[in-house]
Amino acid sequence: MTTDKLTGAPNFKWFGLAIQSLVVLAKHPECCPSGEIACQLQSEPTLLRRILSKLACQGILETREGRVGGYRLKRSPEDITLKEVYLALEEKGPYCGAILETTGDHAFGREMHESFSVIVQEINDGVLQVLERHTVADLI
């Protein structure tokens, strides 16, 4: 995906930045400002704050406002799976839903859409199974 906006299917740029941010935070038990994380990742601070906000809303991070504020992990890195992070950023769209958009609204297209739906679901399930086996601690 080339956009930074989260629209339906998971945004892998966001996912990569989220995971890297969690690794940085795992190495800093105290609150870490988003600007410091962005600097370490060489990423745009505004984009990173949007990502971190989603993780905070899902209970992965806690936030602290003020001069000594920032973000920190809400749980240990061993307890945060990559699946949990993936789902926190996903807006319930299928993993490779674009394949479904290639089918038309005619008999053959509807038939292919039904077949593709099964395959897309299997792909999504496989991705989630892999991500569930890995934690933030595995990447430290």
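How many residues does α5 have, and how far does α5 reach from its first C-alpha to its last? Select α5 (107-132): the helix has 26 residues and reaches 38 Å, close to the 38 Å expected at 1.5 Å a residue. The expected span is 1.5 Å times one less than the number of residues in the helix.

**Before going on**

This is a predicted model, in which local features need pLDDT of at least 70, side-chain atom pairs count only at pLDDT 80 or more, and totals for chains, interfaces and linings use all residues. Residues are numbered from 1 along each chain as its sequence is written, and side-chain values use heavy atoms, with hydrogens and water left out.

Colour the model by pLDDT, the predictor's confidence in each residue, from 0 to 100. The mean for the protein is 87, and 89% of its residues reach 70 or more. Now select residues 1-10, where pLDDT stays under 50. The model has 29 contacts (heavy atoms within 4.5 Å) beyond four places in sequence for residues 1-10. Where pLDDT is low, the predicted coordinates should not be read in detail.

**The whole chain**

Switch to a cartoon view. The protein has five helices and two strands, which follow the pattern α-α-α-β-β-α-α along the sequence. Helices (H or I, at least four residues) and strands (E, at least two) are DSSP runs, numbered from the N terminus. Of the contacts with a separation of 6 or more, 64% are between residues 24 or more positions apart.

Next, colour by accessibility. Buried means under 20% relative accessible area, exposed over 50%, and partly exposed in between, with a 1.4 Å probe and protein chains only. Buried residues make up 38% of the 140 residues.

**The nonpolar core**

Select L22, L55, L61 and V85. In the largest nonpolar core, which has 32 residues, these four touch the most other members. Such a core is a set of buried Ala, Val, Leu, Ile, Met, Phe, Trp, Tyr and Cys residues joined through side-chain atoms within 4.5 Å. Two or more residues of this core come from each of α1, α2 (34-41), α3 (45-57), β2 (70-73), α4 and α5. The largest share, nine residues, is given by α1. In soluble globular proteins, nonpolar side chains tend to be buried together.

Centre on L61. Apart from neighbours within four places in sequence, L61 is in contact with L22, L25, L52, L55, A56, Y71, R72, L73 and K74.

**Along α1**

Move to S21 in helix α1. S21 is buried, with a relative accessible area of 0%. Beyond four places in sequence, S21 touches I37, L41, L48 and L52.

Then select F15 and Y86. The structure holds one aromatic pair, and F15 and Y86 form it edge-to-face, 5.7 Å centre to centre with 90 degrees between the planes. Rings of Phe, Tyr and Trp (its six-membered ring) pair if their centres lie within 6.5 Å; planes under 30 degrees apart count as stacked, over 60 as edge-to-face and the rest as tilted. F15 lies in α1 (residues 12-26) and Y86 in α4, so the pair ties together parts that are 71 residues apart in sequence. F15 counts as buried at 15% relative accessibility, and Y86 does at 2%.

**α4 and the chain after it**

Stay in α4 and pick L82, which is buried at 10% relative accessibility. Not counting residues up to four places away, L82 touches F15, I19, L131, H134, T135, V136 and L139.

Go on to T103, in the loop between α4 (82-89) and α5. T103 is buried, with a relative accessible area of 16%. A polar atom of the T103 side chain lies 2.8 Å from the backbone oxygen of L100. Leaving aside neighbours within four places in sequence, T103 is in contact with G109, M112, H113 and F116.

**Back to α5**

Which residues of α5 are buried? Select G109, F116, V120, N124, V127, L128 and L131. The buried residues of α5 pack against α1 and α4.

**Last stop**

Finish at Q42, in the loop between α2 and α3. Is Q42 buried or exposed? Q42 counts as exposed, at 76% relative accessibility. Its phi is near 55 degrees, a positive value in a residue other than glycine.

Note on methods
Polar contact = N/O pair within 3.5 Å; in protein donor to acceptor, adjacent residues only side chain to side chain.
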